[in-house]
Amino acid sequence: MSAAKMWGGEPFWGLGFEWDLQWVLTERQKALQAKLIELCRTELRINAIESDRNRVYPRKNFQILAKHGFLGLIVPKELGGLGENHVCAAMVVETIARYGCASTAMCYTMHTGAVAAALLRHHDNVALKDILRRLDKDCLIGTLSYSDPETGSHFWYPISSGAEETKDGWHVKKRASWTTSGGFADWYIVQTTSPNFNGNYADLSCFLIMGDEASYDPANWNGLGLRGNQSGPLEIDRIVPRNRLVGPVGDGARSNDEVVDPYFLLCSSACWNGIAMGMIDIAKAHTTKKTHKDVGMRVADYPTIQDYVGEAIIDTNVVRSMDFMIAKALDEATGNNDWSIHKDNVTHLPRAGLLHWLWQIKFAAAKNVAHVSDKMLHACGGTGYKPELQIERYLRDAKAGWVMGPTNEVLRQFVGKASLLGFESLDYWNTSINERVLSNEIKKMDAEAKRALAERLLAEVNPPAARKMA
């Protein structure tokens with residue numbers, strides 16, 4: 001079993017390492033974890049209260065993380081990063097969310113996704129290499145901008161976006177409904193339909209956009225949870241240099257399946273797991289100190305409270321175990337997160353083969369943290385509603401997981417539909433015809449309705465003007 005978990009010079013007031021999955025970490029990763037816990041104790045957790053109260057973007061926390069090399073966590077050592085793997089990325093996000101600041105953890109998740117998207121296609125791109133080398137030195141915060149105001153949580157369907165090739169570079173147009181760190185990130189990876197778009201929304205491309213090249217109004221952000229993450233609308237309408245294309249034209253769907261979704265789903269799940277464990281920590285600290293003097297019992301002495309906490313630990317550790325297990329599978333599929341495997345083959349997509357497992361973990365983690373947050377509030381009683389206990393902030397943040405895209409409604413249908421009807425039935429871009437539904441609806445029509453439908457369809461494929469010219 002690992003050494004005692006410390007909080008400064010004292011034993012940690014929450015759960016000890018005996019309730020953590022320490023065996024999945026290397027000794028180096030345990031050292032990074034210990035460093036992070038101390039940074040959370042001394043700085044990140046304090047800054048979280050400021051971000052929450054004043055809706056302040058947690059740049060202070062990113063500056064602290066950059067100082068210790070965490071912005072380049074998964075960047076290869078030859079580019080100045082720590083060269084760490086998926087397991088470590090999950091651990092870092094969970095640790096920040098649990099002991100420090102959930103808003104920082106979510107912004108860091110999006111940063112890591114952007115870094116992964118850049119690393120996937122950085123090999124022959126000077127602009128991407130420059131960003132990656134300066135992440136920690138210059139505290140360059142990245143993020144992803146993939147959402148669309150017309151398609152909601154179906155972020156892979158950018159109806160309001162596009163790109164054109166010009167003599168000076170790429171004219172990128174992007175409207176995003178939600179962009180974490182919007183207005184505060186130093187660089188963005190954005191997804192649009194490809195140049196020369198012909199109506200096929202599966203034809204997507206990605207671009208590197210610098211912070212001063214986007215328009216936003218961060219002052220309008222006031223979320224129920226994760227108040228410091230600044231997830232407001234963002235717009236881009238400008239020409240950028242040719243080397244800002246991330247990968248080849250049409251690489252967007254591959255990039256999304258190989259790195260953007262895997263890293264987001266893995267790390268956002270770790271964020272929800274960290275919030276759940278953070279609430280259990282607070283509940284332990286409160287219930288073991290709070291005494292009902294009329295009966296001479298601590299709150300923790302009641303069997304009901306013990307049941308609440310026991311179930312919360314069991315359920316959360318099941319989800320945590322799955323997250324780290326999938327992270328391990330990603331490491332094994334990629335040679336321990338070796339980015340060189342993508343250098344000469346844009347169709348090599350080992351992470352994409354595990355995407356359906358990542359759907360499951362995001363659903364489970366978001367569902368679990370919502371349940372645990374309610375029960376830990378119940379365990380803390382009326383005191384839980386007081387801001388000084390900090391559990392109400394964790395509870396509010398916990399509710400964000402369910403609705404983050406892909407939402408849990410989308411994910412459970414993905415899994416159910418794919419398992420019953422095959423992955424091809426998912427039809428991400430709404431191009432497949434459901435013959436069963438079509439035939440069933442036509443059967444309901446009488447002869448006159450069928451004739452009217454036939455005439456309307458003929459008019460669509462052969463407009464009157466075209467018929468007259470013929």
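Ala163 stands opposite Val172 in strand E5. This pair belongs to a hairpin formed by E4 and E5, with two residues between the strands. The model is predicted: local features need pLDDT of at least 70, side-chain atom pairs count only at pLDDT 80 or more, and totals for chains, interfaces and linings use all residues. Residues are numbered from 1 along each chain as its sequence is written, and side-chain values use heavy atoms, with hydrogens and water left out.

**Strands and sheet**

- Helices (H or I, at least four residues) and strands (E, at least two) are DSSP runs, numbered from the N terminus.
- Strand E4 covers residues 162–166 and strand E5 covers residues 169–179. They pair in the antiparallel sense over five bridges; two strands pair if DSSP finds at least two bridges between them.
- Elsewhere, four strands make an open sheet in the order E3-E6-E7-E10, with mixed pairing. Its edge strands are E3 (142–145) and E10 (245–246), each pairing on one side only.
- E3 pairs with strand E6 (residues 187–193) in the parallel sense, over four bridges. Within this pairing, Gly142 has Trp187 in E6 as its bridge partner.

**Helices**

- Helix H4 (residues 102–120) lies across E3, E6 and E10. It runs at about 85° to E3. Axes are lines fitted to C-alpha atoms, for helices over the stretch in contact, and angles run from 0 to 180 degrees between N-to-C directions. Contact means heavy atoms within 4.5 Å.
- Helix H5 (residues 126–134) lies across E6, strand E7 (204–210) and E10, at about 55° to E7.
- Helix H8 (residues 355–380) has 26 residues, so at 1.5 Å a residue it should span 38 Å; its end C-alpha atoms are 37 Å apart, which agrees. The expected span is 1.5 Å times one less than the number of residues.
- Just after H8, Gly381 takes a positive phi of about 65°.

**Largest pocket**

- The largest pocket has a volume of about 660 Å³. On a 1 Å grid over the protein atoms alone, a pocket is an open set of points where a 1.4 Å probe fits, with protein on both sides within 12 Å along at least five of seven lines; lining residues have an atom within 4 Å of a point. Grid points are joined across faces, edges and corners, and a volume is the space filled by probe spheres set on the points.
- Of its 27 lining residues, Trp178, Thr180, Val403, Met404 and Gly405 are the closest to the centre.
- H4, E3, E5, helix H6 (252–287) and helix H10 (400–403) each give two or more residues to this lining. H6 provides the largest share, three residues.
- The lining divides into 14 nonpolar, ten polar and three charged residues. Ala, Val, Leu, Ile, Met, Phe, Trp, Tyr, Cys and Pro count as nonpolar, Asp, Glu, Lys and Arg as charged, and the others, Gly among them, as polar.

**Second largest pocket**

- The second largest pocket has a volume of about 520 Å³. It is lined by 19 residues, and Lys417, Ser425, Leu426, Asp427 and Asn430 lie nearest its centre.
- Helix H11 (408–421) and helix H12 (435–443) each supply at least two lining residues. The largest share, five residues, comes from H11.
- This lining holds eight nonpolar, six polar and five charged residues.

**Backbone features in loops**

- The peptide bond from Gly405 to Pro406 is cis, with omega near -10°. Pro406 sits in the loop between H10 and H11.
- Arg55, a residue other than glycine, has a positive phi near 55°. Arg55 is in the loop between helix H1 (27–54) and helix H2 (59–67).
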